[in-house]
Amino acid sequence: DRVRSMASLAAPARSHRPSAVRRTWHQLPLVILTVLVVAMAILPLAWIALTSLTPEAEIIQGPAYVPTTLTVDNYTTVWRRGDFPELMLNSLVVAGLTVALSMAVAPLAAYSLSRHRFRGRTWILILFLSIRMFPFLLMLIPAYIILRDLGLLDNRLGLALAYTTFSLPAAIWFMKTFFDAVPVEIEDAARIDPVEQAPLRPQQP
């Protein structure tokens, strides 16, 4: 009897093995597809990294899958001859100004659109979303004319304003989603406590 009971307990375990193996074989195409997609995303980056470490003579001779020697002369050349420090500084300043301008305007607009119901609110949200649908190249000529009239051509602030025009609608949408997730009861409790109401100030019950 004991042998039969042990056999009966072992039988289900054996029956589950084919299903597990069958499930693994069914998932194999998905695993292969995932590996191929990841490889397609990583291989170009790896190729760029290897090319940047390849000597100039080998690059001129022709493409090589693996360089014979590795060097950092390409980076030093770019740093010395290409005004790379100044270009990097410009990028940091413009990015910082763009973030500062977006974070100064987006929370205020997003809070109003999230907490208040007024006529035209839906159309304003659709307008913000439709701006993201247009390519940035279509706005180059109007942006150039506006920046020229304001005297902000060839200026970091002017470039930051152009970037802010394109990034602000997305920032407003993201911040609106954040404010929508905050319960209104927290603000009601803050008014009763009382606590100064400010959308940029963290509020706790």
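Guide: In this predicted model, the count of aromatic pairs comes to 3. One of them joins Trp-79 and Phe-84, whose ring centres are 5.6 Å apart and whose planes stand at 45°, so this pair is tilted; planes under 30 degrees apart would count as stacked and those over 60 as edge-to-face.

Another pair is formed by Tyr-111 and Phe-179, with ring centres 5.3 Å apart and planes at 85°, so the arrangement here is edge-to-face. This pair links distant parts of the chain, since Tyr-111 belongs to helix H4, which covers residues 84-115, and Phe-179 belongs to helix H7, which covers residues 156-181, the two being 68 residues apart. Both Tyr-111 and Phe-179 are buried, a word that stands for a relative accessible area under 20%. Together with Phe-178, the residues Tyr-111 and Phe-179 make up one aromatic cluster.

Elsewhere, on the surface, there is a nonpolar patch formed by Trp-25, Leu-28, Val-31, Ile-32, Val-35 and Leu-36, which together have about 600 Å² of accessible area. Ile-32, one of the members of that patch, is found in helix H1, which covers residues 2-52, and Ile-32 is partly exposed, with a relative accessible area of 44%.

Technical notes
Residues are numbered from 1 along each chain as its sequence is written. This is a predicted model: local features need pLDDT of at least 70, side-chain atom pairs count only at pLDDT 80 or more; totals for chains, interfaces and linings use all residues. Side-chain values use heavy atoms; hydrogens and water are left out. Patches are made of residues with over 30% relative accessible area and no salt bridge: like charges are joined within 9 Å, nonpolar side chains (Val, Leu, Ile, Met, Phe, Trp, Tyr) within 5 Å. Accessible areas come from the Shrake-Rupley method with a 1.4 Å probe; for residues, only the protein chains shown count as cover. A salt bridge is a side-chain nitrogen of Lys or Arg within 4 Å of a carboxyl oxygen of Asp or Glu. Helices (H or I, at least four residues) and strands (E, at least two) are DSSP runs, numbered from the N terminus. Buried means under 20% relative accessible area, exposed over 50%, partly exposed in between (1.4 Å probe, protein chains only). Rings of Phe, Tyr and Trp (its six-membered ring) pair if their centres lie within 6.5 Å; planes under 30 degrees apart count as stacked, over 60 as edge-to-face and the rest as tilted.
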